[in-house]
Amino acid sequence: MLVPPHMIEEQSKIIYQINKYYVERVQTRMSIIDKTIREICQIVQDILREVEVQEPRFISSLSECNGRYEGIDVISPNEFEIVLYLNQMGVFNFVDDGTLPGCAVLKLSDGRKRSMSLWVEFITASGYLSARKIRSRFQTLVAQACDKCEYRDLVKMVADTSDVKLRVRERYIVQITPAFKCSGIWPRSASHWPIMNCPWPHPNLVAEVKMEGFDLLSKESVIFQGKNANMEGDSWILSFHEAENRLLQGAYRKRCLSILKTLRDRHLDLPGNPITAYHLKTLLLYECEKHPREMEWDENCLGDRINGIFLQLISCLQCRRCPHYFLPSLDLFKGKSPTSLENASKHVWRLSRELLTSTRALEKL
């Protein structure tokens with residue numbers, strides 16, 4: 001198909017602006033975050049070593065590989081989550097009955113004695129492994145380790161939460177979350193995925209993702225609002241962090257996410273935190289379904305994909321609902337105030353209008 005010369009010229013300008021933005025803004029953001037990660041991981045590793053001395057069941061799974069740390073998730077440039085994988089889930093059955101969307105419980109397998117579990121004192125009378133009891137014990141150990149470690153003047157525990165949160169250098173918040181890795185199984189609540197007759201992702205990639213599995217996290221969540229205390233204490237939160245990252249490999253998907261995160265940090269970091277990097281990652285996955293071909297994620301299409309995701313975001317903010325990619329019954333806007341969502345939709349619309357009407361918009365963003 002012949003494309004008019006003025007359209008080719010316009011497309012070239014957009015590609016140039018996106019590449020310039022990536023080098024000047026996105027890579028700068030990534031460089032600052034990498035430096036921060038190295039700084040906080042050095043401190044956290046020292047604390048976790050002390051925790052392991054006191055309680056060998058809590059073994060640090062934070063590791064450095066080729067100059068990068070594995071096991072840390074960037075929530076924002078000043079907020080991070082480190083997942084601490086626990087051992088020996090084997091004597092428990094994974095129960096995902098949909099009672100609480102986004103959550104599951106671990107129940108002692110039939111015929112198994114409590115004494116066979118590494119986590120015997122955290123098993124409830126009903127045979128459930130209590131996420132809250134494990135977290136409470138871990139919080140006590142981390143508090144003691146903070147007092148003993150060589151960085152004790154730089155790190156403090158965050159009060160008023162049952163989560164294990166550290167404030168580092170009065171600038172960064174680091175949450176350390178106990179978790180179990182569930183490889184080779186897939187939760188019933190996500191059994192509808194992938195949707196029928198959608199060419200993306202390829203069946204081979206689906207098989208890889210399902211084999212990768214998911215994590216069960218012990219942490220506070222708005223999911224538990226209005227639920228009884230026992231249900232909250234026993235429940236573990238489903239996380240598909242690794243599965244999501246695997247789906248975003250290939251073409252310019254990860255670059256697209258990096259640009260979205262940078263735009264979010266610079267222009268959509270709003271009161272009440274209505275828009276997070278995870279909302280953008282979720283909408284990017286939905287955009288992959290809408291545009292399943294690899295050629296739709298090359299350099300030439302990046303501008304269209306970014307605009308499409310922001311238009312999706314406006315729609316979600318106005319409907320006050322953002323469904324989780326793997327668990328659509330779970331609303332990622334739960335707990336956000338209607339006022340903050342309404343305000344956010346206006347900000348996203350202003351940003352989208354800039355991007356849609358000017359090829360040089362990124363110069364000012």
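## Close-up views of the predicted model

**View A. Pro194 sits in the loop that runs between β9 (172-182) and α3 (203-212).** Helices here are DSSP runs of H or I with at least four residues, and strands are runs of E with at least two, numbered from the N terminus. The structure is a predicted model, in which local features need pLDDT of at least 70 and side-chain atom pairs count only at pLDDT 80 or more, while totals for chains, interfaces and linings use all residues. Residues are numbered from 1 along each chain as its sequence is written, and side-chain values use heavy atoms, leaving out hydrogens and water.

**View B. Asp160 lies in the loop between β7 (155-157) and β8 (164-168).** Look at the backbone here: phi of Asp160 is near 60°, a positive value in a residue other than glycine.

**View C. Helix α6 (residues 253-267) packs on helix α8 (residues 302-319) at an angle of about 50°, with the axes 10 Å apart.** That angle makes α6 oblique to α8; angles under 35 degrees count as roughly parallel, over 145 as roughly antiparallel, 65 to 115 as roughly perpendicular and the rest as oblique. Axes are lines fitted to C-alpha atoms, for helices over the stretch in contact, and angles run from 0 to 180 degrees between N-to-C directions. The crossing of α6 and α8 is right-handed, meaning that the near helix is turned clockwise from the far one by less than a right angle. On the α6 side, Arg255, Cys256, Ile259, Leu260 and Leu263 meet Leu302, Arg305, Ile306, Ile309 and Phe310 of α8, where contact means heavy atoms within 4.5 Å. Eight nonpolar, no polar and two charged residues make up this contact of α6 with α8. In these classes, Ala, Val, Leu, Ile, Met, Phe, Trp, Tyr, Cys and Pro are nonpolar, Asp, Glu, Lys and Arg are charged, and the others, Gly among them, are polar.

**View D. Helix α7 (residues 277-290) meets α8 at about 115°, with their axes 9 Å apart.** This crossing of α7 and α8 is right-handed. Leu280, Leu283, Leu284, Tyr286, Glu287 and Lys290 of α7 touch Arg305, Gly308, Ile309, Phe310, Gln312, Leu313 and Cys316 of α8. By class, the contact of α7 with α8 holds eight nonpolar, two polar and three charged residues.

**View E. The axes of α6 and α7 come within 10 Å and cross at roughly 145°.** Here α6 passes α7 in a right-handed crossing. From α6, Arg253, Cys256, Leu257, Leu260, Lys261 and Arg264 meet Ala277, Leu280, Lys281, Leu284 and Cys288 in α7. The contact of α6 with α7 has seven nonpolar, no polar and four charged residues.

**View F. The second largest pocket holds about 310 Å³ of space.** On a 1 Å grid over the protein atoms alone, a pocket is an open set of points with protein on both sides within 12 Å along at least five of seven lines, a cavity is a set where a 1.4 Å probe fits but cannot get out, and lining residues have an atom within 4 Å of a point. Grid points are joined across faces, edges and corners, and a volume is the space filled by probe spheres set on the points. Of the 17 lining residues, Ile14, Gly303, Asn307, Leu355 and Ser358 lie nearest the centre of the second largest pocket. The elements giving two or more residues to this lining are α1 (5-54), α6, α8 and α9 (338-357), and α8 gives the most, with four residues. The lining of the second largest pocket has nine nonpolar, seven polar and one charged residues.

View G. A search of the whole structure finds three cavities of 30 Å³ or more. The largest cavity is lined by Gln17, Lys20, Tyr21, Glu24, Arg25, Leu362 and Glu363, which divide into two nonpolar, one polar and four charged residues.
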